[in-house]
Amino acid sequence: MTRVLVLNSGSSSLRYRLFDGSEVLAKGLIQRIGEDGGDAADHREALQRLMDTVDLTGLAVVGHRVVHGGDRFTASTVINDEVVATIEELVPLAPLHNPAALTGIDVARKLLPDVPQVAVFDTAFHSTIPPEGVLWAIDRDLASRWGLRRYGFHGTSHAYVSRETARLLGKPVTETNVITLHLGNGASATAVRGGRSVATSMGMTPLSGLVMGTRSGDIDPSLVFHLHRVAGLSLDEIEDTLTRRSGLLGLAGDNDMRTVQERRAAGDQQAALTLDVYYRRLREYVGAYLAVLGRVDAITFTAGIGENSPPVRAGTLTGLEALGIAVDPDRNARNELIISPDGTPITVCVVPTEEELEIADEARRAIGSES
Ligand code: ADP
C-alpha cells in the first residue's frame with residue numbers, strides 16, 4: 001500500500017493529488033467552495049466529490065499541508081485529537097491558513113476514518129535553524145510569551161530542492177551546502193547546511209524577506225507606526241497594503257513577473273526599477289547566506305519564477321565571478337538543470353520543485369512506510 005492522497009485546503013479551495021509511489025494517478029482543484037456557482041457547498045461536499053470521482057482503493061495515508069507548525073511541530077506528525085488541538089492553538093500565528101487546513105483535516109478524518117492522516121508543516125524543515133538565526137533582538141519576555149520569532153515557510157520546497165541539488169552534484173546531502181531560492185508569488189531564500197536549514201528569509205509570517213508578488217518583504221518596522229500615526233491608516237489597512245498591495249504590484253502595478261519582464265523589454269522605466277529592487281534584495285540574501293554557510297556548493301533556483309525566468313537568474317547573479325559564481329547565458333536561456341559554466345566553484349542549478357510529492361513522501365515516512 002503506497003498510495004497517498006495529498007490535500008492542500010484553502011479557505012475556499014481544495015487542491016488534491018493522488019500518488020502511487022512518485023507517479024501521479026489523479027490531481028485536481030475544487031474551487032470557490034461555499035460561493036454562488038462554486039464547485040461545492042462546503043469542504044465536506046468537496047472531499048465527497050473527490051471520493052466519488054477518484055478511485056481511492058489501497059489508500060495508505062492522507063498527507064495534509066499545514067502552513068504553520070509554530071515551535072510545537074518540528075516534523076511531520078500523525079494526526080490525532082491532540083494534534084488537531086495543538087494546530088488550533090497555533091491559529092493566531094496563521095489566522096488565514098491554519099483554519100483552512102483544520103477544515104480539511106476534519107472532513108478527511110470523518111470521511112476516511114480508517115486511513116491514517118499526517119500533517120506536513122511548511123515550517124518544520126526550518127526547526128533546525130539555531131537560536132541566533134530565529135531570535136530577534138527584542139524584549140525576550142514579550143517574545144517568548146507571544147511566540148515572536150522566525151519560523152520560516154516553504155519548508156517542503158526547500159527540503160526537496162536542496163536534496164535534489166545534492167543528487168545533481170553527485171554528493172551526499174550531508175556534505176552539501178546549498179542556498180535555495182524559492183521564487184513564486186511568495187518567495188523565500190534558505191541556507192541549507194548538510195541537508196538542514198540554518199537560515200531562512202521569511203519570519204514569524206510569510207511577509208518578511210524577499211520582494212514577492214504582492215508582499216513587501218523586509219521593511220523598516222517603523223513604517224507601520226508612521227503609516228498609522230502620520231498617514232492615518234488603520235492596522236487592517238496597513239496589513240492589507242503590506243501583504244496584498246506591495247511587492248511587484250506595489251512597485252510596478254503588476255504582480256505577475258512575466259508582465260513586469262515584458263514591460264521592461266518594451267522600455268518601461270518603472271518596470272526596470274522594480275526589477276532592480278527585486279534582484280538587489282535577492283543578491284543581499286545570497287551574500288548573507290554565503291557568509292552564514294562559509295562554504296557553498298550550489299545556488300538553486302525553483303518555483304514559477306526561479307524555474308522559468310532566465311533574466312531573474314542572470315539579474316540576481318551577474319557580476320559575482322569574484323565570489324565563484326557565474327551564469328552561462330546559453331544554459332540559462334534553455335532553463336538547463338545546471339546553468340553555471342563547467343568548473344566554476346559554485347554550481348548554479350534550476351530544480352523544479354515538487355511540494356506535493358515531498359508531502360506524500362513525508363506522509364509515508366511518518367506512518368513508517370517508505371515508498
Ligand atoms: P505560487 O507561489 O502561487 O505557487 P508559482 O510558483 O506558480 O506561484 O509562481 C508564479 C510566478 O511565476 C508568477 O509571478 C509568474 O509570472 C511567474 N512565472 C511563470 N512562468 C514564468 C516565466 N516564463 N517567466 C517569468 N516568470 C514566470
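Contact means heavy atoms within 4.5 Å. The structure is a predicted model, in which local features need pLDDT of at least 70, side-chain atom pairs count only at pLDDT 80 or more, and totals for chains, interfaces and linings use all residues. Residues are numbered from 1 along each chain as its sequence is written, and side-chain values use heavy atoms, with hydrogens and water left out.

The protein has 15 helices and 11 strands. Its radius of gyration is 21 Å, close to the 21 Å that the globule rule gives for 371 residues, so the protein is as compact as a globular protein of that length. The radius is taken over C-alpha atoms, and the rule is 2.2 Å times the number of residues to the power 0.38. Helices (H or I, at least four residues) and strands (E, at least two) are DSSP runs, numbered from the N terminus. Along the principal axes, the C-alpha atoms fill a box of roughly 60 × 55 × 45 Å.

Of the 371 residues, 49% count as buried. Buried means under 20% relative accessible area, exposed over 50%, and partly exposed in between (1.4 Å probe, protein chains only). Among contacts between residues at least 6 apart in sequence, 63% join residues at least 24 apart. The protein exposes about 17,300 Å², and carbon and sulfur atoms supply 50% of this area. Accessible areas come from the Shrake-Rupley method with a 1.4 Å probe; for residues, only the protein chains shown count as cover. The mean positions of the 36 positive and 48 negative charges are 3 Å apart. Lys and Arg count as positive and Asp and Glu as negative, while His and the chain ends are not counted. Each charge is placed at NZ of Lys, CZ of Arg, CG of Asp or CD of Glu.

Annotated positions were examined next. In the unreviewed UniProt entry, the annotation "active site" covers Asp122. UniProt positions are given in the numbering used here, feature names are shortened, and annotations may be inferred rather than shown by experiment. Asp122 lies in the loop between β6 (117-121) and α4 (131-134). At 2% relative accessibility, Asp122 is buried. Residues up to four places away in sequence aside, Asp122 touches Arg65, Val66 and Val67 as well as Gly152, Phe153, His154 and Gly155.

The annotation "binding site", also from the unreviewed UniProt entry, covers Asn8 and Glu355. Asn8 belongs to strand β1 (residues 3-9). With a relative accessible area of 23%, Asn8 is partly exposed. Beyond its neighbours within four places in sequence, Asn8 is in contact with Ser13, Leu14, Arg15 and Arg65. Arg65 is also touched by Asp122. Glu355 lies in helix α15 (residues 355-366). Glu355 is partly exposed as well, at 22% relative accessibility. Its contacts, leaving aside neighbours within four places, are Thr156, Ser157 and His182.

His68 sits in the loop between β4 (59-66) and β5 (77-78). Its relative accessibility is 0%, which counts as buried. His68 and Thr205 are 137 residues apart in sequence, but 8.7 Å apart in space, C-alpha to C-alpha. Not counting residues up to four places away, His68 touches Leu90, Leu93, Ala94, Asn98, Phe121, Thr123, Tyr151, Phe153 and Met204. Phe153 is likewise among the residues that Asp122 touches.

Val312 is found in helix α13 (residues 310-317). Val312 is buried, at 0% relative accessibility. The C-alpha atoms of Val312 and Leu183 are separated by 9.6 Å, although these residues are 129 apart along the chain. Leu183 is one of the residues Val312 touches.

In helix α8 (residues 235-244), Ile238, Asp240, Leu242 and Thr243 are buried. Their cover includes α7 (222-229).

Arg32 has a positive phi of about 50° although it is not a glycine. The loop between β3 (23-30) and α1 (43-53) holds Arg32, which is partly exposed at 43% relative accessible area. Asn335 also has a positive phi, near 55°. Asn335 is in the loop between α14 (329-333) and β11 (347-350), and is partly exposed at 32%.
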